[in-house]
Amino acid sequence: MLNIVLFGPPGSGKGTQSERLIETFHLVHLSTGDILRSELKSLSSLGMEAKKFMDRGELVPDNVVINMIDKKLDENKQANGFIFDGFPRTTAQAEALDNLLKGKNTSISIMLGLEVIHEELIDRLLHRGKESGRTDDQDLSIIETRIAIYHRETAPVKDHYQKQNKFKGISGMGSIDEIFHRLEIAINATL
Ligand code: AP5
């Protein structure tokens with residue numbers, strides 16, 4: 001199985017690149033942000049609970065997202081592999097993911113970290129905020145909170161996979177095509 005963690009701060013292009021990678025490599029896309037937003041849309045109790053954290057730009061509790069991923073892995077037993085987008089976001093989530101995959105006789109193949117400068121992240125998110133209904137993109141202070149939480153709580157997840165020799169940094173600056181090409185080269189090198 002090919003299991004990719006697409007990593008990087010808010011606005012680094014994880015969702016955008018995942019859409020293309022799932023087609024090229026025939027993978028299932030698991031985005032915890034997308035799953036949470038769909039729970040929110042359906043007004044489920046999980047969605048309502050998560051909303052409080054998402055609106056503030058804070059992380060939803062680990063147990064909530066770990067259970068969501070566990071369920072999705074079970075629903076996609078026949079998959080060639082997965083792209084994890086926006087997960088794991090804490091070291092506890094990374095350890096839980098490793099254990100879940102081990103229980104299914106597989107593991108993470110590679111973590112690809114999209115590297116984008118702060119100003120570009122802010123520009124991209126504010127721009128999307130004007131066009132989309134994403135409330136967490138519409139306020140500069142919430143965007144700054146999301147980025148600060150990324151540096152404080154999520155960036156250490158890179159060390160977790162670096163210790164397993166699975167981390168590869170990729171420049172996330174430039175056109176969507178250029179970045180996709182860099183990711184494709186890195187993935188093909190693992191096959
Ligand atoms: P989530 O949905 O994961 O949001 P995020 O990490 O903040 O990421 P984004 O979707 O904003 O950015 P992205 O890197 O995917 O970039 P994208 O491709 O969209 O999480 C939202 C919230 O849910 C969190 O704050 C948290 O509350 C909760 N949550 C989710 N997962 C969780 C977890 N595991 N644990 C706890 N809580 C969790 O691109 C952004 C914009 O840039 C787009 O408009 C795009 O068109 C544009 N763009 C992309 N690439 C380029 C490019 N090369 N050039 C110009 N523009 C570009």
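Mentor: Contact here means heavy atoms within 4.5 Å of each other. Keep in mind that this is a predicted model. Apply that cut-off to helix 4. The buried residues of helix 4 pack against strand 2, helix 2, helix 3, strand 3 and helix 5.

Trainee: Which residues of helix 4 are called buried?

Mentor: They are Val64, Val65, Ile66, Met68, Ile69 and Leu73. The cut-off for buried is under 20% relative accessible area.

Trainee: What makes the span of helix 4 agree with its residue count?

Mentor: Helix 4 has 14 residues, and at 1.5 Å a residue they should span 20 Å. The expected span uses one less than the number of residues. The end C-alpha atoms of helix 4 are 20 Å apart, so the two values agree.

Trainee: Why is Leu30 called buried?

Mentor: Its relative accessible area is 3%. Buried means under 20%. Leu30 is therefore buried.

Trainee: Where is Leu30, and what does Leu30 touch?

Mentor: Leu30 sits in strand 2, residues 28-31. Leaving out residues up to four places away in sequence, its contacts are Ile69, Lys72, Leu73, Phe82, Ile83, Phe84 and Asp85. Phe84 is also the bridge partner of Leu30 in strand 3.

Trainee: What makes strand 2 and strand 3 a pair?

Mentor: Two strands pair if at least two bridges are found between them. Strand 2 and strand 3 have four bridges, in the parallel sense. They count as a pair because four meets that cut-off. Helix 2 packs on the sheet here, touching strand 2 and strand 3. The direction of helix 2 makes about 70 degrees with that of strand 2.

Trainee: What is the strand order in the sheet?

Mentor: The order is 2-3-1-4-5, in an open sheet of five strands with parallel pairing.

Trainee: Why do strand 2 and strand 5 count as edges?

Mentor: Strand 2 and strand 5 (167-171) each have a single partner strand, so one side of each lacks a neighbour in the sheet. On average, neighbouring strands are turned by 20 degrees against each other, direction ignored.

Trainee: How do you know that strand 1 pairs with strand 3 and strand 4?

Mentor: Count the bridges. Five join strand 1 to strand 3, and these run parallel. Four join strand 1 to strand 4, also in the parallel sense. At least two are needed, so both pairings qualify. Take Ile4 as an example. Its bridge partner in strand 3 is Ile83, and its bridge partner in strand 4 is Ile110.

Trainee: What makes strand 1 mostly covered?

Mentor: Six of its six residues are buried. On one side these are Leu2, Ile4 and Leu6, and on the other Asn3, Val5 and Phe7. Both faces are covered.

Trainee: Which residues touch the most other members of the largest nonpolar core?

Mentor: That core has 30 residues, and the ones you want are Val60, Ile69, Leu73, Phe84 and Leu97. Helix 4 gives the most to this core, with six residues. Leu73 touches Leu30, Phe82, Phe84, Leu100, Leu101 and Lys104, again not counting residues up to four places away in sequence. A second, separate core has 16 residues, including Leu6, Phe25, Leu114 and Leu183.

Trainee: Why is the contact between Asp74 and Lys104 called a salt bridge?

Mentor: The closest N and O atoms of Asp74 and Lys104 are 2.9 Å apart. The cut-off is 4 Å, so the pair qualifies. This pair links distant parts of the chain, 30 residues apart: Asp74 is in helix 4 (residues 62-75), and Lys104 is in the loop between helix 5 (91-103) and strand 4 (110-115).

Trainee: What about Asp34 and Arg37?

Mentor: They also form a salt bridge, with closest N and O atoms 2.9 Å apart. Both lie in helix 2 (residues 32-41), three residues apart, about one turn of the helix.

Trainee: Why is Asp34 called partly exposed?

Mentor: Its relative accessibility is 39%.

Trainee: Why is Arg152 called exposed?

Mentor: Its relative accessible area is 56%. Exposed means over 50%, so the value passes. Arg152 forms a salt bridge with Glu153, the closest N and O atoms being 3.2 Å apart. Glu153 is partly exposed, at 30%.

Trainee: How many salt bridges are there in the whole structure?

Mentor: The search finds 14. A network of salt bridges links Arg128, Arg134, Asp136, Asp137 and Arg146.

How values were computed
Residues are numbered from 1 along each chain as its sequence is written. This is a predicted model: local features need pLDDT of at least 70, side-chain atom pairs count only at pLDDT 80 or more; totals for chains, interfaces and linings use all residues. Side-chain values use heavy atoms; hydrogens and water are left out. Helices (H or I, at least four residues) and strands (E, at least two) are DSSP runs, numbered from the N terminus. Buried means under 20% relative accessible area, exposed over 50%, partly exposed in between (1.4 Å probe, protein chains only). A salt bridge is a side-chain nitrogen of Lys or Arg within 4 Å of a carboxyl oxygen of Asp or Glu. A nonpolar core is a set of buried Ala, Val, Leu, Ile, Met, Phe, Trp, Tyr and Cys residues joined through side-chain atoms within 4.5 Å. Axes are lines fitted to C-alpha atoms, for helices over the stretch in contact, and angles run from 0 to 180 degrees between N-to-C directions.
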